[in-house]
Amino acid sequence: MATVEARHISKHFDEVRAVDGIDLLAREGEFLVLLGPSGCGKTTLMRLIAGLEQPTAGDIVIDGRVVTDLPPRARNVAMVFQSYALYPHLTVAKNISFPLRAVGMQRDAIRKKVEWAARMFGIERFLDRKPRQLSGGERQRVALARAVVREPVVFLLDEPLSNLDAKLRNSARDELKQFQRVLATTTIYVTHDQAEAMGLGDRIAVLNQGKVIQIGTPQEIYGKPMDTFVATFIGSPPMNLVEEGASYVGFRPEAFLPREVGSSEDSVAFPFRVTRVEYLGADRLVYGVLEGRTAEAHVISKLPNNIRAEVVAGERYDFVVRKREIHRFDRNSGRHIDGRGDDDGNR
Amino acid sequence: MTRRPFKLVRIARAGGHAGILVFFITFLAFPFYWMLMTTFKTTIDLHDVSKNPFLFNEPPTLEHLAVLFQDTQYLQWLINTGAVGIAVVLITLALAVPAGYALARMTGPWAQTLGIAIFLTYLVPPTILFIPFARIIATLGLQDSLWSLVLVYPSFTVPFCTWLLMGFFKAIPRDLEDAAMIDGLSRFGAFVKVVMPISLAGVLTSIIFAFTLVTQEFVYGVTFITSASSYTVSVGVPTFLVRGDVYFWGSMMGACLIASVPIAIIYNFFVDRFVAGFTVGAVK
Amino acid sequence: MTTATANTFTAKAGWRTRLADNERLLWPLMLAPAILYIVLLVGFPFFLSLFYSVSDVTVGSRSMSFVGLENFRRVVATDTFWTALKNTLIFTIVSQVFVLVFANILAMSLSADFRGKWLVRLLILLPWVAPISLGAIGWLWIYDSIYSVINWTGQALRLLGPNEWPIWLGQPTLAMVSIIIVQIWRIVPLATVILLAGLTSIPQDIHDAAAVDGAGFWRRTLQITFPLLLPITLVAVLFGIIFTFTDMIVVFLLTRGGPYDQTQVLATWAFFTGIQGGDLAGGAAVSLFLFPVLVAVAIVFLLLARRSEVT
């Protein structure tokens, strides 16, 4: 268990600022997710923590010790790669024991450790196989076992679920969370998948263009987005943004409801012309345009199936949003302005 | 009825296809078939113009092969070729493996340029270099010594194998090396303990090419070596077995065949890699 | 005292681990031996060759002096030079035109799947993969002035008259034809496998799309296959040119440049002048005439490599 800290760290590749002065602290035993679109710098940040990249400026601190000048092997971190990076020429057992053999551990101790790690991930049967004889899910477990086996102070996971098919991904996500709870090892997890981030993270750091935009619990990130980027990046479909004077008005699709179900004394009404209705099983997505506005305002409403109000394409309805579900963002800076999505000391 | 023209077209096309292949196989493989025939024909049969040369008009004989192995230094030439080949392969690997890896992993605009520059030196032909080399070899006192070939042959095997290995190493995912470094190895250790074992196929391919390039070389051999006991096969057969106007055709053809066919077969297994190296990224 | 020793020891160990991790030091160190070897054994002889060509060096000479462009003037003044230059060009151009046509036909035939393809490919590759000096000896026997199998077959099939007995390597034009045939024989396999690699790299989707769009065999070949094959064809042609223009083995073994220099090429003449004649300076001057072609080919390669990098 350890804390991991990035102190004003930067990494520039030629002119590109992949990581641009990030300060970040992962607490002891925390599951911290780095979330952002591709190219936002999340993987580079993780590689900086691992020691696979040298920072242009700033420091990495693990467990209170500055490790910026240490090679990866001296940092006592373990990493699971998107490709799993299993050594193709070694058996599963040799893959798992690789980090132990590299530090010259005793044979008996190695055997015990490998057995322990293999049992933990239910891969005892595969120990004599080569990676290419395993399925995607089995490979992922081997990669996790290899990471766990030497009991590192930090786990670094780089999109470890993205090569699994959708069905497997859900169960693997669940297991991953369980293991992290049991081991209570500080974990930093990179993903571009918001559902993964929300489901796994104790806290989420949203990155864009080499900077941390917001860091907080999943509830904070979803409920109090700091700016329009976070508001539209998180949530599916994303938050509706409508121009209004010098600001944007934002509201979640599920907060945008027909008057007869959503009305209360503190709600705001929007005249809504429906253009299309998508039936998705558990809910309906209603696409349309807000009327009486200078700029065309396309918005989406997400209606769960227990709302049976009739909504037909081509018709005009009155929709409402409760006042406390409304966010306002500055049009120029994109920042949240009415104080509710306040910093909370998150940055 | 309507299908008939299609069938005819198909038969005609298959026939044309077979015809093309037969023509080219005849043209390209005939000299080797002819070597085979000549090797086992008696001298009298070889020199009888009135009889069909495609047939054995007299029973096949081993006399030419006996002459080759007993009365010439052919065996010695085979040994020389093998010895030079092994030495050159070792030098080539020692130089090309690290260089190919460095080129594969170096970043920056001049890494690619450097790789191509090294490859282009493979194209500098012996016919431009053999004259200065003749003098260099004489100055070093290596004329007539197999060491002269061991010294010079890497000048074309190293560029080619460096290029070839660079391609192999580039195909290895970098994640593996990153994982190895996190798992406790140094940057160099990751190369030795993870990359090298995975690249055995590439190293083997380089060994085959370095060796075959050595067996095929003629120009430097004929320039540096003048005494029969130091010849390699590709130089010894055409220079020593041809004496003035006396040609030992049977023995010569046998010598050609014995040296060519094994090399050709081994090479054939790896020729796709060779081509991949040749195409310089013009094929994806 | 002991502390000092221990300190230097750890300092050394520290330096080693850092070297093993430092890519900026590691890559140059790993490249250096190969580059050094290439510079010493390709670069140095090449510059020596340039140097010889402006000197009066011979095999036995101890000293040499600068003679400027005298060697080149001397070389250009001979008839043999112009014959050799002409022959080199004919040898290269004619053989490569045939190679291009043959290799295209052969590669297309081989791109289809059929039984025994492996064996066919082995047979077709033989001329390239067997040592050329030995293959050339095979041809020497096929072209033999008395026992030529070509002549026997020609007479048996009544293609040649009863008294017609061409001396393949002895008559000027025929000798040129003969060595060109051998060169075609040798290069076709290489060009074929290169083109074959190009053909298989064209995705089947493109052929399917063209077929669905109603393009027939010829249309597909001319408008889809050939344009897509152009870069790889260029590669095949460039190698063909290099291996033909600078080659001396075929001519050296089959005709020795004869009869009367009628098949002499620059490479063989450089050998006869420089090595057998002992005139290193003259030989170097002759061989340097091969260099411009080499530079041209190298430039095309660089352009190709850059193009493939962009796309």
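Predicted model: local features only at pLDDT ≥ 70, side-chain atom pairs only at ≥ 80, totals over all residues.

Visitor: What is the mean pLDDT of chain C?

Guide: For chain C the mean is 83, with 93% of its residues at 70 or more.

Visitor: Which elements of chain C have the lowest and the highest mean pLDDT?

Guide: The lowest mean, 46, belongs to helix α1 (residues 2-21) of chain C, and the highest, 92, to helix α4 (residues 79-111) of chain C.

Visitor: In what order do the strands of the open sheet in chain A run?

Guide: The 5 strands of chain A follow the order β13-β17-β14-β15-β16, and their pairing is antiparallel. At the edges lie β13 (257-258) and β16 (297-304) of chain A, each of which pairs on one side only.

Visitor: How many bridges join β14 and β15 of chain A?

Guide: Strand β14 (residues 267-279) and strand β15 (residues 283-290) of chain A are paired over 7 bridges in the antiparallel sense. Opposite A:Tyr279 stands A:Arg284 in β15(A).

Visitor: How many residues do chain B and chain C bring to their contact?

Guide: Chain B gives 82 residues and chain C gives 81. On the side of chain B that touches chain C, helix α14 (residues 249-278) of chain B supplies the largest share, 14 residues. By residue type, that side of chain B comprises 60 nonpolar, 18 polar and 4 charged residues.

Conventions
Residues numbered from 1 in each chain as written. Chains lettered and ligands numbered in written order. Pairing = 2+ DSSP bridges. Helix = DSSP H or I, 4+ residues; strand = E, 2+ residues; numbered from the N terminus. Contact = placed C-beta atoms within 7 Å. Nonpolar A, V, L, I, M, F, W, Y, C, P; charged D, E, K, R; others polar. pLDDT = per-residue confidence, 0-100.
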